[in-house]
Amino acid sequence: MKKHNLQKKYNFFFLEKLPEPTASSVQAANAANGAANLGYPTILIYPQQGWQAINPVNLLHPFRPQKPPENLIRYYNFQDKLQVARLPMPWPIDYFKSKFTNSNTIATKYYFPFYIRATTKIVHAWNWNFIKAAIKYRIPAIYEHHHHEDKQFEPEIVNHPLFQVAVTVADTVRQSMIQHGMPPEKLIKIHNGFNRLFMQRQPEKAAEWRQKLLQNQRSQLVVYAGALKKFKGIDILIDAAQQMPNVQFVCAGGEPKEVEYYRKLAQSQQVDNITFLGYVLHHELASLLQAADVLAHPHCSGTASTFTSPLKLFDYLASGNPIVATEIISLEEFKNTPAIAAWCEPDNPHQFAAALQKVLETYPKKIEGYLQTIEFVQQFSWENRAAKILSYVDEPFRQQLN
């Protein structure tokens, strides 16, 4: 075996199919990419299904770190340092609901101890079972947890010296985790980040987006990028568009069925100035955000507003364009910063439309973006996030990883 294959790695475990347009997959992919960009030998590990999963070579050598496939690079805008490893999960794994046919079980009970453990220096996982497996096999672990969940954390795991740190993105989730047994001294809140591509100015591509999207002699463009869910405020955005017929609205993101649903909803309300693009690849999304006059961050009140991770906020900020946002708990700390141009209460399309109109009138379009916003967002790169997380890892483990 070649020597470089024996190098101990910083392994990110994500047990969902990639690529996917979900916030969790974008977060995991960028977190791993950020660590790799810092120079740490990093592998993003995820399941492989379909016909490739039954390839005899893959089954004989299930853990083969390699350069990410081109579709993954384009989907998440990976740079050139990250490696990936796809763990084969052939039929009947995940086709039948059973402990023994669950990819979680296969990965933690079989692939990890027999194929992955020997070359793992640190485990970084969103799956609690991977954390427990890491501790069992005496490997330091970092746990990411972003949602409320009614489960107790086992004291023998969270108090173990190899359990380094738990990471969340919202204060409300942090409090919930503490209530369920997570030691406060091992729990940190760190925001998500932006991919470095979004800092690169792309005036020509932005101009192409404006030429393509601005219709019926409209000259102003409001862009939303993110999931097409009701609690995200998409219905509010449609109502706001109806009140502003001379402004073009564009939504990027969502699954095909969601895109179709909202297209029909807008048509039924005779709103012809909103376009639903579906999922836009990261390498194209950056220029779309730069093309906007204003970026929309609507959100409804309710449980989701207490823990939602403002993932798209940092990509918005990197574009340098002004943002209109609803006042939700996860954005409160940005109230007295240059991050948001205008605020309004949730669930109020009239107030949201008024805020958009005010920003359109007071923030003229700047091709180069607003410098104050761009300078503010620098602190939220994925690389800075990875460095902060690793600063909580015991020094001997960091030194061994280097």
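This is a predicted model: local features need pLDDT of at least 70, side-chain atom pairs count only at pLDDT 80 or more; totals for chains, interfaces and linings use all residues.
Rings of Phe, Tyr and Trp (its six-membered ring) pair if their centres lie within 6.5 Å, and planes under 30 degrees apart count as stacked, over 60 as edge-to-face and the rest as tilted.

View 1. Residues are numbered from 1 along each chain as its sequence is written, and side-chain values use heavy atoms, with hydrogens and water left out. Ring pairs link Y10, F12, F14, Y40 and W126 into a cluster, and a search of the whole structure finds 28 aromatic pairs. The rings of F14 and W126 have centres 6.0 Å apart and planes at 85°, so this pair is edge-to-face. F14 lies in the loop between β1 (9-13) and α1, and W126 in the loop between β4 (120-125) and α5 (128-136), so the pair ties together parts that are 112 residues apart in sequence. Helices (H or I, at least four residues) and strands (E, at least two) are DSSP runs, numbered from the N terminus. F14 counts as buried at 4% relative accessibility, and W126 is buried too, with a relative accessible area of 17%; buried means under 20% relative accessible area, exposed over 50%, and partly exposed in between (1.4 Å probe, protein chains only).

**View 2. A ring pair within helix α4.** Y110 and F114 both lie in helix α4 (residues 103-116), where they are 4 residues apart, about one turn of the helix. An α-helix has 3.6 residues a turn, so residues three or four places apart point the same way. The ring centres of Y110 and F114 are 5.9 Å apart and their planes are at 50°, so the pair is tilted. Y110 is partly exposed, with a relative accessible area of 36%, whereas F114 is exposed, with a relative accessible area of 62%.

**View 3. The largest nonpolar core and F163.** A nonpolar core is a set of buried Ala, Val, Leu, Ile, Met, Phe, Trp, Tyr and Cys residues joined through side-chain atoms within 4.5 Å. The largest one has 71 residues, and those with the most contacts inside it are Y10, L44, I131, I142, Y143, F163 and M182. Helix α1 (residues 23-37) gives the most to this core, with 7 residues. Apart from this core lies another, of 67 residues, among them L213, A240, L295 and W343. If neighbours within four places in sequence are left aside, F163 is in contact (heavy atoms within 4.5 Å) with W128, I131, I135, A141, Y143, I157, V158, M182 and K186.

**View 4. The surroundings of L331.** L331 is found in the loop between β12 (323-326) and β13 (342-344), and this residue is buried, with a relative accessible area of 0%. Leaving aside neighbours within four places in sequence, L331 is in contact with H297, P310, L313, A325, T326 and W343. L331 and S305 are 26 residues apart in sequence, and their C-alpha atoms are 9.2 Å apart in space.

**View 5. The buried face of helix α15.** In helix α15 (residues 382-390), the buried residues are W382, E383, R385, A386, I389 and L390. Seen down the axis of α15, these buried residues fall within an arc of 160°, so they line one face of the helix; the arc is that of the directions from the helix axis to the C-beta atoms.
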